[in-house]
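Q: Can we go through this one together? I have a few quick questions.

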Amino acid sequence: MRSPTLLHKYSSTAGIWDEMRDTDQVREHYSKVFHALQQLDTSILQQKDKFAGELFLSQGITFTVYSDNTGIERIFPFDIIPRIITGKEWDHVEKGIAQRLKALNLFLNDIYGEQAILKDKVVPPELIASCPHYNRDVYGIKVPHDIYLHISGTDLIRGEDGNFYVLEDNLRTPSGVSYMLENREVTKRIFPDMLVANHVRRVSNYPLILHDILKQMAPTQISNPTVALLTPGIYNSAYYEHAFLARQMGISLVEGRDLVVDNHKVYMKTTNGLKPVHVIYRRVDDEFLDPLTFRPDSALGVAGLMSAYRKGNVAIVNALGNGVADDKAVYAYVPAMIRYYLNEEPILSNIPTYELVNKDAREHVFSNIQNMVIKRTNQSGGYGMVMGNSVTEEEWNKARKEIEKDPRSFIAQPIIKLSTVPCFIDGAFQPRHVDLRPYALYGPKGVQIVPGGLTRVALREGSLVVNSSQGGGSKDTWVVDF
């Protein structure tokens, strides 16, 4: 069977933006891929799908689900049909993300310094004071080049109108970039000719750009800095990525026990003795980094690390205290930050957001719960969400009590019908909902974003939850010039 039959059966849903099909027409930027797929038998596509799975298995590309009692480590699901974005669309997204990160970085410098935006009541001071990730221990610390947000993953969705919107900011220890890179390598193996024919922009230089920025963050007197990636260890959900990035950059992968602080300087234990470390790319959350300053029971961090950080003897990437800027309640104020700090209108729009600490907003959300999604302000991975269109009465009664007890910890947004893309599932092409996480790197020369990012797919039919921990998968993301 040739795939025209499969594509003929592919149908988009009314009121949902399908990225490949516009009514009965294939969109222009998908046309070359569409034509190439028409030439392939279904059996060949099934072979390619199986081969892709074998590649992921052989390379150990995994993620961890902590809530699964049957076995927490899984192979990351991958769909072989690429998600395609035009160069023009991407250039707009790139400018919007760069603008947003500049404002957020100025915000972090401000709230850990003069706090002008709080004094001017553009952002409510009580919102920051009640944020569990506002880190008072880093107040007044001078960070290299005034950059807090070296690495970020901004989650975008495409709405019913075809426009991209910012869903949330991931600014602490954003994950998933290894899957973006590995997805491209697998695609090169299964569709090599299609990549060349579509003039797909490359993403493979991400580790090189990241490594350069990490070195630039070192204390200025160091000519050849030592960079290390600090991981919580093999049981962390993103450990595969930690090892992958360290290997790609040619830097040491270390755990807290591999480092020691002496005289306010950080050293790495080696077989040849102690070696100075000047830059730490940390994948450990703030509260676990230094048991002398934060959680005394932490075995993941390094005792005395904060003293070296305060003295400017070591750079930590991302900077400490970033969590306040990706609090989902603070997210609602990012457009105001852009106007306040940059005197510009936001290029990318937010999703309308209701702060449930506000009684009127809470009552509105409760009375319209079937159209709302409720999220915890400091959760990730799709945990803690209440989808109002599918929640049971028992689940909603329990969630409502939690919200009324601690409304600051929750926000609500209208349920957005995410755009769909074609996926090869069970031997057929089927539409599935997606989001997009581009990865931005912020260094002394400005914001750099590799063209594409991680497209996450809700593999369950009708589901809007794309997180891998909730049954989602991923696709290779192509930015094409045609």
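**Strands, helices and cysteines**

Q: Which residue in S18 is the bridge partner of isoleucine 374?
A: Valine 386 is the bridge partner of isoleucine 374 in S18. This is a predicted model, in which local features need pLDDT of at least 70 and side-chain atom pairs count only at pLDDT 80 or more, while totals for chains, interfaces and linings use all residues. Residues are numbered from 1 along each chain as its sequence is written, and side-chain values use heavy atoms, with hydrogens and water left out.

Q: How many bridges are there between S17 and S18?
A: Strand S17 (residues 372–376) pairs with S18 in the antiparallel sense over 2 bridges. Strands (E, at least two residues) and helices (H or I, at least four) are DSSP runs numbered from the N terminus, and two strands pair if DSSP finds at least two bridges between them.

Q: What is the strand order in that sheet, and which strands are at the edge?
A: The order is S16-S19-S17-S18, an open sheet of 4 strands with antiparallel pairing. The edge strands, S16 (354–355) and S18 (386–387), each pair on one side only.

Q: Which strands does helix H14 lie across?
A: H14 (residues 393–405) lies across S17, S18 and strand S19 (410–414), and runs at about 50° to S17. Axes are lines fitted to C-alpha atoms, for helices over the stretch in contact, and angles run from 0 to 180 degrees between N-to-C directions. Contact means heavy atoms within 4.5 Å.

Q: New topic: how many disulfides does a search of the whole structure find?
A: The search finds 0 disulfides, a disulfide being a pair of cysteine sulfur atoms within 2.5 Å.

Q: Is cysteine 131 buried or exposed? And cysteine 423, buried or exposed?
A: Cysteine 131 counts as buried because its relative accessibility is 3%. Cysteine 423 is buried as well, at 0%. Buried means under 20% relative accessible area, exposed over 50%, and partly exposed in between (1.4 Å probe, protein chains only).

Q: Where is threonine 477?
A: Threonine 477 lies in strand S25 (residues 473–480). At 1% relative accessibility, threonine 477 counts as buried.

Q: What does the side chain of threonine 477 make a polar contact with?
A: The side chain of threonine 455, at 2.7 Å. A polar contact is a pair of N or O atoms within 3.5 Å; within protein, one must be able to donate a hydrogen and the other to accept it, and residues adjacent in sequence count only if both atoms are side-chain atoms.

Q: What else is threonine 477 in contact with, leaving aside neighbours within four places in sequence?
A: The contacts include Arg83, Ile85, Arg184 and Leu436.

Q: Which residues of S24 are buried?
A: In strand S24 (residues 454–457), Leu454 and Arg456 on one side and Thr455 and Val457 on the other are all buried, leaving both faces covered.

Q: How many bridges join S24 to S25, and how many pair it with S21?
A: S24 and S25 run antiparallel and are joined by 3 bridges; valine 457 has glycine 473 as its bridge partner in S25. Strand S21 (residues 428–437) pairs with S24 over 4 bridges, also in the antiparallel sense, and leucine 436 stands opposite threonine 455.

Q: Last one: where is proline 232?
A: Proline 232 is in the loop between strand S8 (227–230) and helix H10 (239–249). Proline 232 and histidine 242 are 10 residues apart in sequence and 9.4 Å apart in space, C-alpha to C-alpha.
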